[in-house]
Amino acid sequence: MTIAVSPAKVRTVDMKLEVIVIPVSDVERSKKFYGNLGWRLDADFIFDDGFRVIQFTPPGSGASVIFGTNVTPAAPGSAKGLYLVVSDIEAARKELIARGVQVGEAFHGANKVHAGADEPHLFGSVRIGGRDPEGRSYFTLASFSDPDGNGWLLQEVTQRLPGRVEGNIAFTSATDLAAALRRAAAAHGEHEEKTGQRDENWPDWYAEYIASEQSGGSTPK
């Protein structure tokens, strides 16, 4: 028996996902790997009984990862489908490759095909090489693994689905803001072509476009 529950009726306090535990076999090797990604080292606590915990946070992320000694009984490398959302997947790939990470080519999932030997991802486990042909937000991905085989996925998100963003719109890095401005500029160029005249109020148009894009609303035409 399935019971539908309205989230609005049960929500009482904020619950913010902040920490993901990843199982590793060599703590020092993993510390070097995640440090080389450019992630922020938040903590490295070592205790007399051999317990050790290390925390890293990806750039612009509200959530962190921790690993260490006696942190989890899970088998090293068993964490899969760890998502890193980016606004420009090719820029993210280039940066990681420059840091020595082996990142796969961009791919998209086979529509309505959810079976196969590939590492799981949101839109089907059968991977098709290349960007999503329709250019849809959420559908273009790329993957890489840490030294133990824990699997990470880059997911390109340029426009949120409705209702996915709460509160004020904010950018966590200059890179993400620049990418949003480029998309707004391209869309605004199409807008001016349609109207056949220069839009003197382009700052307002940009602001509305970016806010609507991030909140999942309808962007101006």
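The legends below accompany an overall view and several close-ups of a predicted model. Local features are reported where pLDDT is at least 70 and side-chain atom pairs count only at pLDDT 80 or more, whereas totals for chains, interfaces and linings use all residues. Residues are numbered from 1 along each chain as its sequence is written, and side-chain values use heavy atoms, with hydrogens and water left out.

**View 1. Overall fold of the protein.** The secondary structure comprises five helices and nine strands, taken as DSSP runs (helices H or I of at least four residues, strands E of at least two) and numbered from the N terminus. From the N terminus on, the order of these elements is α-β-α-β-β-β-β-α-β-β-β-β-α-α. Of the 221 residues, 36% count as buried, where buried means under 20% relative accessible area, exposed over 50% and partly exposed in between, with a 1.4 Å probe and protein chains only. Among contacts (heavy atoms within 4.5 Å) between residues at least 6 apart in sequence, 55% join residues at least 24 apart.

**View 2. Tryptophan 152 and its aromatic partners.** Rings of Phe, Tyr and Trp (its six-membered ring) are paired if their centres lie within 6.5 Å, and planes under 30 degrees apart count as stacked, over 60 as edge-to-face and the rest as tilted; by this rule the count comes to 11 aromatic pairs. One of them joins tyrosine 34 and tryptophan 152 edge-to-face, at 6.2 Å centre to centre and with 65° between the planes. Because tyrosine 34 belongs to helix 2 (residues 27-36) and tryptophan 152 to strand 9 (residues 151-156), this pair ties together parts that are 118 residues apart in sequence. Tryptophan 39 also forms an edge-to-face pair with tryptophan 152, at 5.3 Å centre to centre and 85° between the planes. Since tryptophan 39 lies in the loop between helix 2 and strand 2 (40-46), and tryptophan 152 in strand 9, the parts tied together here are 113 residues apart in sequence. Tyrosine 34 is buried, as are tryptophan 39 at 8% relative accessibility and tryptophan 152 at 3%.

**View 3. The aromatic cluster.** Phe33, Tyr34, Trp39, Phe56, Phe67, Phe144 and Trp152 form one aromatic cluster.

**View 4. Surroundings of arginine 93.** Arginine 93, in helix 3 (residues 89-98), is buried, with a relative accessible area of 6%. Leaving aside neighbours within four places in sequence, arginine 93 is in contact with Val103, Gly104, Glu105, Ala106, Ala142 and Leu154.

**View 5. Arginine 136 over a ring.** The charged end of arginine 136 sits over the ring of phenylalanine 139, 3.8 Å from its centre; the criterion requires NZ of Lys or CZ of Arg within 6 Å of the ring centre and within 35 degrees of the ring normal.
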